[in-house]
Amino acid sequence: MVANFSHSATHSTIHRFPAGHSAALQSTMKQSGRRHFVIWMDAVGGFLVCRGDHVHLGQAVPGNRVDVPLQADISRHHASIRRDQEGYLLLPNARVLLDGQLIAQPTTLCDGQEIDLGGAVKLEFRRPHPLSATARLTVKSHHRLSPPVDAVLLLADSCVIGPATTSHIVARQMTSEAVLFEQDGKLAMRGAQPLTIDGTEHVQPGLLAEQSRVSGEDFSLSVESL
Amino acid sequence: MNPHATEQDDRDATGEPVVAGQRRGEVPSRFTYASGSAPLPGYTIKRGVGQGGFGEVYYAVSDGGKEVALKLIRRSLDVELRGVVQCLNLKHPHLLDLYDIRTDERDDHWVVMEFVNGDSLEDLISDHPEGMPVGEATAWMQGIAAGVGYLHECGIVHRDLKPGNIFSDRGLVKVGDYGLSKFISCSRRSGQTESVGTVHYMAPEIANGRYGKEIDVYALGVMLYEMLTGHVPFEGESVGEVLMKHLTATPDVSRLSEPYRSIVAKALAKDPAARYASAAELVTALPPVDPDNSRVHAAARVAARAIPVAESVAGRSPEVEAASAAAASPGATASPGATGKAHEVAGSGGDDGRGEPIAEFVNDTFSQLGHAWNNNVNTPAKILIIVLGVWLLPAISGPLIGALVTFGVIYLFYRILWQIFVWLSDGPAEPRGPSPASSAHVVEAKTVADAKCAAPVGGSARRVHRRKWHPPALRALPIKSPRERFTELLGSLALGAVVCLVTCLALSMLLGKFAVDRFAWLSIVSIAGTWGVLIPTKFWEGTGGEASLRRFWMLVMGLGLGAIAFAAQEVLLVELPHMFEVEPFFVADPQSSGATHSLLSYLTYFGFLMLIMRWWKLADPLRNSRVGLWRTAVCVTTAIGLYLFWPFPQDWGMLAQPWGFMAAAAIAVATQLASPWLDPQKSEPAKSVAASSA
């Protein structure tokens with residue numbers, strides 16, 4: 001199910017590491033160098049969408065370029081989540097509990113499990129859609145993400161936006177689904193009903209720019225690259 | 001600026017008032033401004049949040065990085081803008097903060113306000129289609145009512161209370177959208193015919209253009225119903241149908257259990273005058289909930305701090321008092337005026353009313369003396385003072401009692417006249433609020449704090465007085481296993497016996513012209529009495545049991561003690577001489593003396609001694625100080641009083657004082673010294689209790 005997209009060199013960001021970090025980690029982070037973006041969906045919420053198969057979770061401090069920055073008393077690189085053909089793996093770098101159990105080794109993540117970082121940050125891991133490998137992380141404790149979004153999406157292939165609870169972004173007011181996906185390393189969207197992307201109506205899937213405004217019959221959202 | 005923001009073109013299409021509001025599942029209208037646009041200089045819009053009757057709400061970030069909610073007011077009538085301006089500086093923990101009102105280049109007005117990134121009550125209700133737990137609903141109601149009550153105090157009617165306007169910010173209930181509410185004023189009650197608010201929460205009198213604060217109480221009733229059942233009471237296909245039901249139909253409250261059924265029915269009364277007079281009154285009617293069990297909570301401590309400000313702004317009323325009591329102690333059932341009737345706690349012994357100057361002076365003096373006793377006198381000095389007191393008291397008790405009785409009678413007459421005077425000037429039975437000038441209020445607070453009764457902040461002091469074994473204090477007591485208790489009890493019994501022996505020795509040297517047999521008798525009686533208090537109180541420790549039941553057991557102990565005292569006298573053949581020339585007031589026929597009555601007299605004397613006093617207080621680990629002057633004095637005085645008022649001939653052995661109250665004094669001192677005591681300066685639990693009551 002995992003889409004096989006070529007790595008886009010133009011969009012890669014340079015990650016800085018603290019001294020002594022392993023070379024293996026550096027290589028995996030380079031892979032995740034595709035730019036993340038934020039979906040601001042009107043009347044629903046904000047979502048940080050992480051691209052790439054390996055995302056790092058850590059403290060939100062200036063200069064710490066981590067994929068999922070949390071305003072919390074945790075390590076700068078506290079843990080990471082890696083996706084492969086089998087599913088998701090949680091790799092602890094510091095004190096991490098999964099469903100209350102302290103883990104020291106990479107551990108498989110299952111739908112509905114609770115990740116606890118440093119005994120304070122509680123994240124809910126969901127993989128709601130049966131046909132998509134995309135996962136969602138929701139902060140259950142009172143910690144804030146930076147940028148201030150409601151959830152993090154770990155984009156594998158596609159992101160379903162719709163009224164059903166199996167959607168990655170649940171929008172109760174919608175009557176049909178819309179899907180955001182990657183096409184040749186670029187973002188695209190299609191909907192069951194025609195979409196207006198940046199003022200142009202699309203019946204077929206349409207590509208998104210760095211900053212795009214998408215609206216359908218019953219929703220509107222903006223995509224903002226970071 | 002985002003080039004993709006849709007601009008002016010579709011504004012008229014969304015400019016209509018959304019009369020029916022946004023029910024779940026309805027399609028929201030388009031938002032005018034897209035993410036990235038900055039119609040208001042200094043703020044960048046991130047996304048639309050929602051739409052209400054007055055315009056769109058956006059989530060935006062200021063240039064400095066502050067997250068705010070921006071509300072675009074399209075239909076900015078002067079009246080409404082004035083309303084927002086009036087609310088701009090209101091501060092209440094349960095109200096969404098308003099920061100500013102700004103005008104953009106197009107002369108549109110924007111309200112800059114606090115952004116709450118939490119669930120709205122609407123979200124929560126849709127998560128519980130069959131109704132949410134009662135405790136949760138009550139916690140929400142308490143928060144909403146506190147915020148709405150504050151608005152009402154400031155003369156503002158919300159007019160648009162609905163679950164979509166109420167949020168949970170990290171568990172703290174926040175009422176929003178009040179800036180566009182309307183003033184309570186007679187002239188404006190029928191000033192505007194336009195319907196605002198969501199039709200499901202609209203009181204029937206709105207049809208007549210009446211916008212009193214009763215409509216908010218009605219909306220609270222609708223929300224309570226909706227929280228408990230998952231449905232609004234009046235549903236319909238169209239706005240007209242729902243409105244008609246509000247006007248004519250009786251809500252089906254059969255789905256609710258009592259007391260919620262009658263509360264909702266009263267809040268939803270068609271006649272505004274038949275509803276609860278205030279939001280606080282409605283909440284007071286709700287059964288109290290355990291705040292720990294709900295995800296949201298009323299800001300009890302925050303509110304308690306905020307309300308004095310509110311009172312100084314708005315003046316006080318009985319409802320306000322009830323609201324503050326309700327907000328401050330969610331667990332307590334507060335009633336209007338409960339805070340005002342707190343005088344019973346003042347002074348340990350007196351039943352004098354607060355506000356009466358003589359009683360105040362006496363209370364004050366006793367309180368200061370008690371404070372000095374607890375803090376400035378060490379234990380050996382205390383024992384010395386007690387012993388001296390016991391020695392001196394019989395000598396002066398005759399004139400003293402005469403003086404006290406005379407003063408008491410004079411005071412009684414004075415008090416009656418004073419009370420009549422107060423009633424004539426104030427009106428009878430009016431619950432007096434604690435006036436800042438009243439020194440007795442300060443005394444009272446100090447007494448409560450001294451007693452280490454952890455009163456809930458702002459809670460009724462009367463309750464504290466009734467139940468000195470206050471639950472927080474009890475919880476603070478270390479939990480002991482039965483084994484630990486037993487060990488502790490054995491230690492107490494041994495220590496109590498030693499203290500008894502020492503005290504009896506001192507007393508019989510001072511008073512009784514020391515003789516071994518008298519000393520032995522006194523020691524046996526004192527030790528038996530001390531053990532008789534210590535053993536049952538050990539069982540009661542940490543519980544708040546009924547006083548009457550305890551008194552019964554103490555009576556049983558007293559009878560046993562009487563029997564022991566009699567037996568000891570018979571066996572030891574002690575002569576207990578009459579030492580002082582103080583005679584009982586009511587001396588029965590001296591001819592009727594006889595040995596057959598002697599046992600009876602012992603039983604009666606000790607039985608009453610144990611029954612009258614609350615001896616278990618002396619063994620309370622949360623008592624003020626280890627040895628209390630007041631408590632000891634009360635014990636000894638009671639013993640003397642029993643003798644003075646008890647119609648027995650004086651030649652009945654030990655009843656000839658001072659032997660009876662020497663035993664009482666020894667029991668009181670030994671019990672206090674031997675039973676465990678939590679020093680508030682040293683022990684953590686007691687300290688925390690004292691701190692929370694301060």
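## The two chains

Chain B contains 22 helices and nine strands. This is a predicted model, so please read each value below as computed from it. Of the 694 residues in chain B, 50% count as buried. When contacts in chain B between residues at least 6 apart in sequence are taken, 72% of them join residues at least 24 apart.

Chain A has one helix and 23 strands. Its sequence runs to 226 residues, and 52% of these count as buried. For chain A, 40% of the contacts between residues at least 6 apart in sequence join residues at least 24 apart.

## Where the chains meet

Let's turn to the interface. Here 23 residues of chain A are in contact with 20 residues of chain B. The area buried between the two chains is about 1,800 Å², and carbon and sulfur atoms give 47% of that area. Trp40(A), Arg172(A) and Arg213(A) supply 28% of the area that chain A buries against chain B, more than any other three residues.

Between chain A and chain B there are five salt bridges, and seven residue pairs are in polar contact, both residues being at pLDDT 80 or more. On the chain A side, the elements that give two or more residues are strand E1 (37-41), strand E2 (45-50), strand E22 (211-215) and strand E23 (220-225). Sorted by class, this side of chain A has five nonpolar, nine polar and nine charged residues.

Which residue of chain A forms a salt bridge with Lys46(B)? The partner is Glu224(A), and the closest N and O atoms of the pair are 3.6 Å apart. Arg172(A) also deserves a look: a network of salt bridges links Arg172(A), Asp123(B) and Asp127(B).

## Nonpolar cores

In soluble globular proteins, nonpolar side chains tend to be buried together. The largest nonpolar core in this model has 99 residues. Those with the most contacts inside this core are Ile81(A), Ile115(A), Leu117(A), Leu154(A) and Ile144(B). Helix H5 (residues 214-229) of chain B gives the most to this core, with eleven residues.

Leu154(A) gives a view of the surroundings in chain A. Beyond its neighbours within four places in sequence, Leu154(A) is in contact with Cys50(A), Val55(A), Ile81(A), Arg83(A), Tyr88(A), Phe125(A), Thr134(A), Ala135(A) and Leu137(A). There is also a second, separate core of 51 residues, which includes Ala528(B), Leu609(B), Ala666(B) and Ala670(B).

Val121(A) sits in strand E11 (residues 121-126) of chain A. At 0% relative accessibility, Val121(A) counts as buried. With neighbours within four places in sequence left aside, Val121(A) is in contact with Leu70(A), Ala72(A), Ile74(A), Ile115(A), Asp116(A), Ser141(A) and His143(A). Val121(A) and His143(A) are 22 residues apart in sequence, and their C-alpha atoms are 6.6 Å apart in space.

In chain B, Val111(B) belongs to strand E5 (residues 109-114) and is buried, with a relative accessible area of 3%.

His54(A) is in strand E3 (residues 54-59) of chain A. Is His54(A) buried or exposed? His54(A) counts as buried because its relative accessibility is 5%, below the 20% cut-off. The side chain of His54(A) makes a polar contact with the side chain of Ser80(A) at 2.9 Å.

## Salt bridges within the chains

Over all chains, the count comes to 17 salt bridges. In chain A, the side chains of Arg126(A) and Asp111(A) meet in one of them, at 2.7 Å from N to O. Arg126(A) lies in strand E11 and Asp111(A) in the loop between strand E9 (107-109) and strand E10 (114-117), so the pair ties together parts that are 15 residues apart in sequence. Arg126(A) is partly exposed, with a relative accessible area of 23%, and Asp111(A) is partly exposed at 43%.

In chain B, Arg275(B) and Glu205(B) form a salt bridge at 2.8 Å, N to O. Arg275(B) lies in the loop between helix H7 (260-267) and helix H8 (279-285), and Glu205(B) in the loop between strand E9 (182-183) and H5, so this bridge ties together parts that are 70 residues apart in sequence. Arg275(B) and Glu205(B) are both buried. Lys162(B) and Asp160(B) meet in a salt bridge at 4.0 Å, N to O, and both of these residues are buried.

Key: Residues numbered from 1 in each chain as written. Chains lettered and ligands numbered in written order. Heavy atoms only, no water. Contact = heavy atoms within 4.5 Å. Buried area = accessible area lost by both parts, 1.4 Å probe. Polar contact = N/O pair within 3.5 Å; in protein donor to acceptor, adjacent residues only side chain to side chain. Helix = DSSP H or I, 4+ residues; strand = E, 2+ residues; numbered from the N terminus. Nonpolar A, V, L, I, M, F, W, Y, C, P; charged D, E, K, R; others polar. Buried < 20%, exposed > 50% of the residue type's maximum accessible area, 1.4 Å probe, protein only. Core = buried A, V, L, I, M, F, W, Y, C linked by side-chain atoms within 4.5 Å.
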